[in-house]
Amino acid sequence: DGRYLRQFGSVDDLMAFADDSLLEVVQPLQRQIDLEAASRLRLDSDIVHQVVFRRLFGETAFCLTTASLPPAIAEQLADSPELTTAYHRSRSTVIGVLEKYLSIVVTDADQSITAVRAEPEVSDAIGCQPGDAILRIDRLYLDRDGLPIELAVGYFAPQHYSYRVQLRRRP
């Protein structure tokens with residue numbers, strides 16, 4: 001019906017976003033002061049680097065995400081057009097870029113999903129009305145040592161996106 005639908009059950013499934021959707025940079029990776037993101041990334045300072053991007057299925061934007069990275073990681077990505085060039089489109093994920101350029105391996109992701117009202121800047125980016133109910137999906141990605149390497153806060157338009165999880169009973 002024209003909505004983006006993908007099942008998630010692993011970090012590999014999250015990386016598969018790149019298989020059938022595009023990442024479009026809205027605001028290139030840049031240094032920011034963000035107390036909440038720095039705290040969630042367990043940093044010693046309030047400085048993070050953030051990239052804002054839309055996720056597109058065909059030409060339909062179904063998600064706007066702010067990805068926050070620790071400075072030590074972000075500074076090594078200065079030459080990655082996937083995150084540093086405005087309006088650049090690629091079949092990438094941020095964790096895929098980290099693995100490609102830095103050999104970082106993401107092994108875990110902590111995720112929370114809530115319903116929120118769309119703020120005007122979000123609604124403009126994902127094609128809904130301000131105040132519409134949308135999904136907010138927060139993911140904190142961890143490396144093999146359990147260290148946070150990315151905090152992604154995404155806003156998803158339910159008219160263009162469906163989230164499904166398959167649950168199984170243990171044998």
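**View 1. The hairpin of S3 and S4 in this predicted model**. Welcome to the turn where 2 residues sit between strands S3 and S4. Here Gly58 takes a positive phi near 65 degrees.

**View 2. Thr65, a buried residue of strand S4**. Strand S4 spans residues 60-69, and Thr65 is one of them. Is Thr65 buried or exposed? Its relative accessibility is 7%, and because buried means under 20%, Thr65 counts as buried. Take a moment to look at what surrounds this residue: leaving aside neighbours within four places in sequence, Thr65 is in contact with Val51, Val52 and Phe53, and also with Ala152, Val153 and Gly154. The strand as a whole is mostly covered, with 8 of the 10 residues of S4 buried.

**View 3. S4 beside S8**. On to another pairing of S4: this strand and S8 are antiparallel partners, with 6 bridges between them. For a landmark, find Cys63, which stands opposite Phe156 in S8.

**View 4. S7 and S8 side by side**. Which strand pairs with S7 over 8 bridges? The partner is strand S8 (residues 148-156), which meets strand S7 (residues 133-143) in the antiparallel sense. A handy pair to pick out here is Tyr141 and, opposite it in S8, Glu150.

**View 5. The open sheet of 7 strands**. At the edges lie strand S5 (89-90) and strand S6 (106-117), each of which pairs on one side only.

**View 6. Helix H6 and its buried face**. Which residues of helix H6 (residues 94-102) are buried? They are Val94, Ile95, Val97, Leu98 and Leu102. Looking down the axis of H6, you will find these buried residues within an arc of 155 degrees, so they line one face of the helix. Follow the chain to the residue just after H6 and you reach Ser103, which takes a positive phi of about 60 degrees.

Methods:
Residues are numbered from 1 along each chain as its sequence is written. This is a predicted model: local features need pLDDT of at least 70, side-chain atom pairs count only at pLDDT 80 or more; totals for chains, interfaces and linings use all residues. Side-chain values use heavy atoms; hydrogens and water are left out. Helices (H or I, at least four residues) and strands (E, at least two) are DSSP runs, numbered from the N terminus. Buried means under 20% relative accessible area, exposed over 50%, partly exposed in between (1.4 Å probe, protein chains only). Contact means heavy atoms within 4.5 Å. Two strands pair if DSSP finds at least two bridges between them. The arc is that of the directions from the helix axis to the C-beta atoms.
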